[in-house]
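Please keep the sequence and the model in view while reading.

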Amino acid sequence: MTTDSTAAVFSTEQVRRARYAIAAVFAVHGAVTGSFATRVPWIQDHAGLSAGQLGIALAFPAIGASLAMPLAGAISHRFGARTALRGLLMLWTLALILPSIAPSLLTLCAALLVYGASAGMSDVAMNALGVEVENRLNKSIMSGLHGMWSVGALVGSAAGTVAAHLGADARLHHAIAALVLTALGLIACRQVLDLHSEPDTEAPPRFTLPPRSALIIGAVGFCAVFAEGASLDWSAVYLRDALDSSAGLAAASTTAFALTMAVARIAGDRVVDRFGAVRTVRTGGVLATVGGVLVVTAPNVVLALCGFGLMGLGIAVVVPLAFAAAGRSGSNPSRAIAGVATITYTSGLIAPSAIGSLAEATSLVVSFGLVSVLAFGLVLGAGVLRAGDRKVSSSDAGVPGAAPAEPRP
C-alpha cells in the first residue's frame, strides 16, 4: 500500500480506535481460517478425494495468493486503505463458502484458488494498516495483532469442532459463519485509518528481489510457518486417519494448536523482552520439536493433541521476531521485511500440499516427521535473529514494514 503517512494527521483517539478496529479485523481473518481448517476432513469426503488429491487441491490457495497479492497494493493505492480493506476482507469472508460446496477435485481447486487469492490480498491490506497504527502509536503492536489473529482462528476452529461433533453439514456451517464474519468485518473496518495516496504518487512495484539477509532470516520463518500450515490443515485429518479418532475429537486438534498459538503470541512481547529473541526462539524450537515427535509416536489421541499444542506454543512468536530482525538487518529494512514476508507466506501456503503429497507417497506419520525436522531447524537457526535480540524502546518500537498473518489457506 502506498500512502503519504506523514501527511495524514489523526487524533490520539482516532488512532486508539483504529488499533482496536484493526485487531478485530485480524481476529475476523483468523476466524475464517479456523472455520475452514476444522472441516477439511468433511470437505475431503464430500469431494471424494484421496490424501494426495487433497494435497493437490490445497496447493491452489498458494497459487491464488501468489497471483493476487501484488494487486493489494494497487487496490489500496487507487481506492484508499479503508475502502480497499473493507472490500478485500468481505471477499475473504464470503470465500469461506466456496470449498464446502465443491463436489469434485476440479471444482475444489477452483474454489481454493479464489479462497487463496482473497486471503492473500486481505492479509496484505490489514498488515499494512496495522503497521501504520503501530508507527503512530510509537510502540509495538504487531505481535498483539498476530495474537488476535490466533484468537480468531481459535474461535473459528472451536465453532468448527462443535459443528463437526454434531455432524453438521459444512455447507450450512460455512454459510452461517461467512455471513456473521462478513458483518463483523464490515463493522470493524469503519474505524480503521482512512489513508489515501497522494494524486501524483506512483503505484508500488509488484516485485523486488529480497536481499541475502532476508533469505537467511526467512529460512527460520519458513520452518515455523511450514509447521503452522501443516498443523492447521492436516492435524484433524491426521488424528482421524492415523489414530482413528472421531470427527469431533479430530477437529479439536486444530483448536488445541490455535489455543497455544494465541496464548503464546499475546504473551510474546513480555517473554522476548525478558529473555531475548534468540533464547526465545531456541526454546520454542525445542518445544515444537518435542511436540512433533510426540505427534508421530503417540499411541493415542490425547498424547497427539498434546503434541500439536506444544508445536503451537513453540512456533508462535517466531514470525514476528523474524520481521523484527529483518527490519534491523541492513540498509534497506523495507526490502528485507518484504523478502521475509514472501518466504514465510509462501511456506504457509505450500505446506498443506507438501504434506499431502508426501503422505500419498509414504504416510501422514512420515509427513509430520518432516515437520519435526523443520521444527528442530529453529533450534539450529535461532542465532540469525540476533539482530532483533534486544529490548524495544520507545524510540524504535515502530519498525516500518508488515508481517502477513501466516496463511493459511
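The chain contains 16 helices and 0 strands. The model is a predicted one. Of the 409 residues in the chain, 55% count as buried. Among contacts between residues at least 6 apart in sequence, 87% join residues at least 24 apart.

**Packing of α1 with α7**

- Helix α1 covers residues 12-37 and helix α7 covers residues 105-137; their axes come within 10 Å and cross at roughly 155°. Because angles over 145 degrees count as roughly antiparallel, α1 is roughly antiparallel to α7.
- The crossing of α1 past α7 is left-handed.
- On the α1 side, the contact is formed by Val15, Ala18, Arg19, Ile22, Val25, Phe26, His29, Val32, Thr33 and Phe36. Their partners in α7 include Leu112, Tyr115, Ala119, Ser122, Asp123, Met126 and Leu129.
- By class, the residues of this contact between α1 and α7 are 14 nonpolar, 5 polar and 3 charged.

**Packing of α1 with α8**

- Helix α1 also packs against helix α8 (residues 142-165), at an angle of about 40° and with the axes 6 Å apart. This arrangement makes α1 oblique to α8.
- Here α1 passes α8 in a right-handed crossing.
- The α1 residues in this contact are Arg19, Ile22, Ala23, Phe26, Ala27, His29, Gly30, Ala31, Thr33, Gly34 and Ser35. From α8 come Leu145, His146, Met148, Trp149, Gly152, Ala153, Gly156 and Ser157.
- The contact of α1 with α8 divides into 9 nonpolar, 9 polar and 1 charged residues.

**Packing of α12 with α13**

- Helix α12 (residues 277-297) and helix α13 (residues 301-315) pack with their axes 7 Å apart, at an angle of about 160°. The two helices, α12 and α13, are therefore roughly antiparallel to each other.
- The crossing of α12 past α13 is left-handed.
- Helix α12 contributes Gly284, Gly285, Leu287, Ala288, Val290, Gly291, Gly292, Leu294 and Val295. These meet α13 residues, among them Leu303, Ala304, Cys306, Gly307, Phe308 and Leu310.
- The contact of α12 with α13 comprises 13 nonpolar, 6 polar and no charged residues.

**The largest nonpolar core**

- The largest nonpolar core has 113 residues, of which Ile22, Val25 and Leu85 touch the most other members. Helix α10 (residues 212-243) supplies the largest share of this core, with 15 residues.
- Apart from its neighbours within four places in sequence, Leu85 is in contact with Ile22, Val25, Ser122, Ala125, Met126, Leu129, Cys189 and Val192. Ile22 and Val25 of α1, and Ser122, Met126 and Leu129 of α7, also belong to the contact between those two helices.

**Individual residues**

- Ser347 lies in helix α15 (residues 333-361). With a relative accessible area of 0%, Ser347 is buried.
- Beyond its neighbours within four places in sequence, Ser347 is in contact with Phe222, Val225 and Phe226.
- Asp244 is found in the loop between α10 and α11 (247-275). Asp244 has a positive phi of about 55°, although it is not a glycine.
- At 68% relative accessibility, Asp244 counts as exposed.

Terms used. Residues numbered from 1 in each chain as written. Predicted model: local features only at pLDDT ≥ 70, side-chain atom pairs only at ≥ 80, totals over all residues. Heavy atoms only, no water. Axes fitted to C-alpha atoms, helices over the stretch in contact; angles between N-to-C directions. Helix = DSSP H or I, 4+ residues; strand = E, 2+ residues; numbered from the N terminus. Parallel < 35°, antiparallel > 145°, perpendicular 65-115°, else oblique. Left-handed = near helix turned anticlockwise from the far one by under 90°. Contact = heavy atoms within 4.5 Å. Nonpolar A, V, L, I, M, F, W, Y, C, P; charged D, E, K, R; others polar. Core = buried A, V, L, I, M, F, W, Y, C linked by side-chain atoms within 4.5 Å. Buried < 20%, exposed > 50% of the residue type's maximum accessible area, 1.4 Å probe, protein only.
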